[in-house]
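The sequence and the model follow.

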Amino acid sequence: MEKKSSRLKALLSPGEVAKRSGVAVSALHFYESKGLIKSRRNAGNQRQYTRDVLRYVAIIKIAQRIGIPLATIKEAFSVLPEGHSLSAKAWKQLSLRWREELDRRINTLTALRDELDGCIGCGCLSRSDCPLRNPNDRLGEQGTGARLLGEPEEP
């Protein structure tokens, strides 16, 4: 009887997870629908979460705060063994996967910030010469017609 009681206490309701993690129950359901967290169902078909979901929700919120897309978070979680409690070592490995992407974003934003002053100064947003909109007339080299402008290519 003692083992069953302690095992049941290890499971949390969506409301308990929401209260302890600071996210809405609807957010938990959304994360679950995206495959980021998992629940189990009790005999009454109510969702229950293991305690480790609190750590996963915290990581999701931290990752979102720094701009990591949910798909990237899911990809990172997918390499963890099923039912794995995230240790400090596993977190370090997980966060290293995001470092390169964050560094790239920081470099892109820094370059945009540094070029923005010139754009504000002239105000022309020249279609053929603007370092922000069309660096080195990259679009002109692709021929006529509409073009989508993505992130600048690395030199």
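## Terms and basis of the model

Helices (H or I, at least four residues) and strands (E, at least two) are DSSP runs, numbered from the N terminus. A residue is called buried under 20% relative accessible area, exposed over 50%, and partly exposed in between (1.4 Å probe, protein chains only).

The model is predicted: local features need pLDDT of at least 70, side-chain atom pairs count only at pLDDT 80 or more, and totals for chains, interfaces and linings use all residues. Residues are numbered from 1 along each chain as its sequence is written, and side-chain values use heavy atoms, with hydrogens and water left out.

## Confidence

The predictor's confidence in each residue is given by pLDDT, from 0 to 100. The chain averages a pLDDT of 78, and 69% of the residues score at least 70. Among the elements of the chain, the highest mean pLDDT, 96, belongs to helix 3 (residues 25-33), and the lowest, 50, to helix 1 (residues 2-9).

Over residues 151-155 the pLDDT is below 50; beyond near neighbours in sequence, this stretch has five contacts in the model, a contact being heavy atoms within 4.5 Å. Where pLDDT is low, the predicted coordinates should not be read in detail.

Three strands form an open sheet in the order 1-3-2, with antiparallel pairing. Strand 1 (11-12) and strand 2 (40-41) are the edge strands, each pairing on one side only. Two strands are taken to pair if DSSP finds at least two bridges between them. Strand 1 and strand 3 run antiparallel and are joined by two bridges; here Leu-12 stands opposite Tyr-49 in strand 3. Strand 2 and strand 3 (residues 47-50) also pair in the antiparallel sense, over two bridges, and Arg-40 stands opposite Gln-48.

Two residues of strand 3 may be considered in turn. Gln-48 lies in strand 3 and is buried because its relative accessible area is 19%. Setting aside residues up to four places away in sequence, Gln-48 touches Leu-11, Leu-12, Ser-39, Arg-40 and Asn-42. Thr-50, also in strand 3, has a relative accessible area of 27% and is therefore partly exposed. With neighbours within four places in sequence left aside, Thr-50 contacts Ala-10, Leu-11 and Arg-40. Thr-50 and Ala-10 are 40 residues apart in sequence, yet their C-alpha atoms are 6.1 Å apart in space.

## The hairpin loop and positive phi values

The hairpin of strand 2 and strand 3 has five residues between the strands. Asn-45 is found in this loop, and its phi is near 65°, a positive value in a residue other than glycine. Asn-45 counts as exposed because its relative accessibility is 51%.

Gly-22 comes after helix 2 and has a phi near 80°, and Gly-67 comes after helix 4 with a phi near 90°.

In helix 2 (residues 14-21), the buried residues are Pro-14, Val-17 and Ala-18. They lie on the same side of helix 2 because they cover an arc of only 100° around the axis, where the arc is that of the directions from the helix axis to the C-beta atoms. Their cover includes strand 1, helix 3, strand 3 and helix 4.

The buried residues of helix 4 are Val-53, Leu-54, Tyr-56, Val-57, Ile-59, Ile-60 and Ala-63.

## The nonpolar core

A nonpolar core is a set of buried Ala, Val, Leu, Ile, Met, Phe, Trp, Tyr and Cys residues joined through side-chain atoms within 4.5 Å. The largest such core has 26 residues, of which Leu-28, Ile-37, Ile-73, Phe-77 and Trp-98 touch the most other members. At least two residues of this core come from each of helix 2, helix 3, helix 4, helix 5 (70-78) and helix 6 (88-122). Helix 4 supplies the largest share, seven residues.

Not counting residues up to four places away in sequence, Phe-77 touches Leu-36, Tyr-56, Ile-59, Ile-60 and Leu-94. In soluble globular proteins, nonpolar side chains tend to be buried together.
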